Amino acid sequence: MADEETEQDRTTQIGTDQTMSALTKRLQELATALKESPESPVYSASRYCQEFCEVLVEFAAHWNVDVDPLPLLEVYTEAILSYAEATPYLSTECENVSLILERLTLSCAELLLALTVPVPSVLWEKFQSSVQTSHSLLQQNGNSQLCVLSALAQESSAWSNSTLRSILSNDTQQTEKVHEFLAMEGPVLLELRIKQLIKESHFEKAALLAKQCAEYPEFAGRSSFTQTYLVCLCAFETQEQLMQKISEVDCKDVLEMVCNLESDGDERGALSLCSAFLTRQLLQSEVYCAWELTLFWSKLLKRVEPSAQVFLDRCRHFSQLSKTVCHVLFLIKVIQAELQDEGLPVCIEMCIRALQMASSNEGNANATICKTISCLLPTDLEVKRACQLTEFLLEPTVDSYYAVEAVYNEPDQKMDEGNLPVPNSLRCELLLVLKTQWPFDPEYWDWKALKRHCLALMGDQASIVSSVDELNGIHVMNRKWNTYVLLKPV
């Protein structure tokens, strides 16, 4: 076994010793030029940073990192020590000085966390020594940018910490021990760990670690851990378990998280979070922030899944989950905003469902549905009449009576089945559902017959209509008499 490790170390060194010597020499030359530069400190620092990056890119290109990542770790190890030694000569007025060290640190940490092969002991010890020395040099100047790598260098490998392993295995650990580990790692390294776990689709492990971070009092100001925890839950939990775990989360906080995820470019994460909480609202008949959630969800879905059919299928699915008319109307609204006429049949399906959901005492809801249908099918006179009559029957007022009279006095319309905005079968289903709201069926009645039934339902208000009709009749008679007088031969 020892011979195998020795051979592995030797294999890792093949083809890199000469290259690494060349890298060390180039970095030393850059440091010497920096120290001896007659230029201004800011210019010298800027030039050093530019040439330092060029050297790193040049030497990193010697290997295919996806196939053999270990040589790149050796490049980072050498570069970090060289940069730390040069730091006393780098002017802090040059913004690239701090930026390069930050990028170098994060790149090295991401490489270590992503390694799928063990790091040979010789290389790991070299990494530890380089980081410890560099960290000490930087701290002397009040710079703590290597804290992330310093925490990694304290272990025998990037994922070997016993407390970390226990957290990822969901083993019970003493709270003090977990907090001690989190404090040592710091939020930046922990976020890198969680991102790597998500990248490898270890969502459950990522959720366990994110949950510990979210509950750690010292990280209270970093909502990103809570948001990541919730996104991970959405990726692996069943709907029932997910609904239980997110039941206490405020939707207003979720909207903020969705905005943060979208700003960070994680549209899929934002969509999954939005979908989960919209599902919770539908199942629990919640309306708090319902429109905002529905609107965000629709915009994200359209960007992530541009297909109109996918959009309509998801909207249809949510409408079937919904227990309130309010949510169905919101879904209709986003379909109209995103797809317009293309989504019209699905909108009518949803209106039918909403009418079936609304109880007889939900007059306002039914009236709103009828108004929505009239807006969706503005040229269908039969549907408009049915909607207006339904609204009147829900609230038989003078205004609603005259609205019915107006549509029933419009000229009858000849229906062209080949030019309907929705399939005729769907249209017929809609009319049948509307008719279930009526105490009579006026399908073959003229306006006079329907008028008698409407007035009978209006109670005392019917006298107002009768008075108006009587006045209108007098005006008509007067107009006819005046016309007769004018035309009568003298």
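Helix axes here are lines fitted to C-alpha atoms over the stretch in contact, and the angles between their N-to-C directions run from 0 to 180 degrees. Helices are DSSP runs of H or I with at least four residues, numbered from the N terminus. The structure is a predicted model, in which local features need pLDDT of at least 70, side-chain atom pairs count only at pLDDT 80 or more, and totals for chains, interfaces and linings use all residues. Residues are numbered from 1 along each chain as its sequence is written, and side-chain values use heavy atoms, with hydrogens and water left out.

Helix α9 (residues 175–199) and helix α10 (residues 203–215) have axes that come within 9 Å and cross at roughly 145°. The crossing of α9 past α10 is left-handed (the near helix is turned anticlockwise from the far one by less than a right angle). Contact, meaning heavy atoms within 4.5 Å, involves V178, L182, L190, R193, I194, L197 and I198 on α9. On α10 the contact is made by F203, K205, A206, L209, A210, Q212 and C213. These residues divide into eleven nonpolar, one polar and two charged. In this division Ala, Val, Leu, Ile, Met, Phe, Trp, Tyr, Cys and Pro count as nonpolar, Asp, Glu, Lys and Arg as charged, and the others, Gly among them, as polar.

## Aromatic rings

A search of the whole structure finds 14 aromatic pairs. Rings of Phe, Tyr and Trp (its six-membered ring) pair if their centres lie within 6.5 Å; planes under 30 degrees apart count as stacked, over 60 as edge-to-face and the rest as tilted. W291 and F330 form a tilted pair, with 5.3 Å centre to centre and 50° between the planes. This pair links distant parts of the chain, 39 residues apart: W291 is in helix α15 (residues 290–304) and F330 in helix α17 (residues 325–339). W291 is partly exposed because its relative accessibility is 25%, where buried means under 20% relative accessible area, exposed over 50% and partly exposed in between (1.4 Å probe, protein chains only).

Ring pairs also join F392, Y401, Y402, Y408 and W447 into a cluster. R385 lies over the face of Y408, at 5.1 Å from the ring centre. R193, one of the α9 residues in the contact with α10, lies over the face of W159, at 4.9 Å from the ring centre. A charge counts as over a ring if NZ of Lys or CZ of Arg is within 6 Å of the ring centre and within 35 degrees of the ring normal.

## Positive phi in a loop

Most residues other than glycine have a negative phi. S285 has a positive phi, near 60°, and C289 also has a positive phi near 60°. S285 is in the loop between α14 (267–284) and α15, and C289 is in the loop between α14 and α15. At 34% relative accessibility S285 is partly exposed, whereas C289 is buried at 12%.

## Two buried helix residues

L138 is in helix α6 (residues 121–140) and is buried, with 0% relative accessibility. Not counting residues up to four places away in sequence, L138 touches A84, T87, L101, N143 and L146.

T372 is in helix α19 (residues 363–376) and is buried at a relative accessible area of 19%. Leaving aside neighbours within four places in sequence, T372 is in contact with L329, I332 and C351.
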